[in-house]
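Hi there,

Here is the structure I promised to pass on.

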Amino acid sequence: MSEEQSKRTIEVDIEFLESLYGLVDKIPPGEKNINVDLLKDLILDIKRKMDRIKTETIESLSSPKKRDSIVESGDNLEDEENTKTVLIVDDLGVITYQLGVMFRNLGYDVVIAKEIYDAITKYKKQKFKLVIMDLFIPTDREGFILLDELVKLSKMNELNTIIGVMTASSKKEHRQLCMKKGADFYIEKVEDWQNQLIEYCEKN
């Protein structure tokens with residue numbers, strides 16, 4: 001490879017680039033321009049990781065003892081009696097992926113939803129011990145609508161679901177309104193926020 005080729009860079013959408021780095025747990029460069037060869041290596045890393053996850057999933061589903069530990073769609077689960085099931089609601093794939101891995105490691109079955117109507121549909125199909133929802137999906141208006149609906153369904157069906165809100169917002173009024181509407185906890189997406197989430201879930 002010539003020196004000229006090794007220095008080739010292309011401009012990519014920064015959110016797309018951060019998503020790629022998030023999938024392989026690496027730190028993004030913080031700029032739009034990325035070396036072509038580095039981008040190829042990054043995509044190859046993602047392919048390896050996805051292949052490994054696919055293999056582990058197939059092995060788990062083939063085992064009767066592990067079959068119930070991987071839940072993605074939330075379909076046909078009306079009769080499931082699992083006390084450690086979490087619904088994660090966020091429109092960012094990187095966040096749902098990272099939280100999904102984290103909660104599976106904590107022994108939870110994981111169901112993912114990326115918008116409020118999908119979240120409500122899945123919540124009605126299954127008993128959840130825990131719901132972790134982003135407030136901005138994609139705006140706080142939708143987040144508050146979802147929070148209202150989840151709290152109402154939980155009370156109406158006597159589910160006692162723990163509902164937590166996670167957000168990058170530092171506005172006190174957001175925290176106050178979420179707690180007033182019935183959220184059990186509110187976590188800002190600041191440094192170490194995922195560890196705060198783990199600590200809360202382990203205590204409850």
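**What I found**

E158 has 68% relative accessibility, so it counts as exposed (buried means under 20% relative accessible area, exposed over 50%, and partly exposed in between, with a 1.4 Å probe and protein chains only). You'll find E158 in the loop between α6 and β6, and its phi is near 50°, a positive value in a residue other than glycine. N160 lies in the loop between α6 and β6 too. Phi of N160 is near 55°, again positive in a non-glycine residue, and N160 counts as exposed because its relative accessibility is 67%.

Before you go further, a word on the ground rules. This is a predicted model, where local features need pLDDT of at least 70 and side-chain atom pairs count only at pLDDT 80 or more, while totals for chains, interfaces and linings use all residues. Residues are numbered from 1 along each chain as its sequence is written, and side-chain values use heavy atoms, with hydrogens and water left out.

**The overall picture**

The chain has eight helices and seven strands (DSSP runs numbered from the N terminus: H or I of at least four residues for helices, E of at least two for strands). Of its 204 residues, 38% count as buried. Take the contacts in the chain with a separation of 6 or more: 60% of them are between residues 24 or more positions apart (contact means heavy atoms within 4.5 Å).

**The sheet**

Which order do the five strands of the open sheet follow? They run β4-β3-β5-β6-β7, with parallel pairing (two strands pair if DSSP finds at least two bridges between them). At the edges sit β4 (109-113) and β7, each pairing on one side only. On average, neighbouring strands of this sheet are turned by 20° against each other, direction ignored (axes are lines fitted to C-alpha atoms, for helices over the stretch in contact, and angles run from 0 to 180 degrees between N-to-C directions).

Now zoom in on β5 (residues 130-134). Five of its five residues are buried, so β5 is largely enclosed by the rest of the structure. L130, I132 and D134 point one way from the strand, and V131 and M133 point the other way. On one pairing, β3 (residues 85-89) meets β5 in the parallel sense over four bridges. There, V86 stands opposite L130, and V89 has M133 as its bridge partner. β5 also pairs with β6 (residues 162-167), in the parallel sense over five bridges, and I132 has G164 as its bridge partner in β6.

Next, β6 pairs with β7 (residues 185-188) in the parallel sense over four bridges. The bridge partner of V165 in β7 is Y186. To get from β6 to β7, the chain goes through helix α7 (residues 172-181), and this β-α-β crossover is right-handed (with the strands pointing away from the viewer, the path from the first strand over the helix to the second runs clockwise).

**Helices and loops around it**

β5, helix α6 (residues 140-156) and β6 make a right-handed β-α-β unit as well. Helix α6 lies across β3, β5 and β6, at about 165° to β5. Helix α8 (residues 193-203) lies across β5, β6 and β7, at about 160° to β7.

**Rings**

There are two aromatic pairs (rings of Phe, Tyr and Trp, using its six-membered ring, pair if their centres lie within 6.5 Å; planes under 30 degrees apart count as stacked, over 60 as edge-to-face and the rest as tilted). F103 and Y108 are edge-to-face, 5.3 Å centre to centre with 85° between the planes. Y123 and F128 are stacked, 6.0 Å centre to centre with 10° between the planes. F103 and Y108 are buried, and Y123 and F128 are buried as well.

Finally, the charged end of K189 sits over the ring of W193, 5.9 Å from its centre (NZ of Lys or CZ of Arg must be within 6 Å of the ring centre and within 35 degrees of the ring normal).

Cheers!
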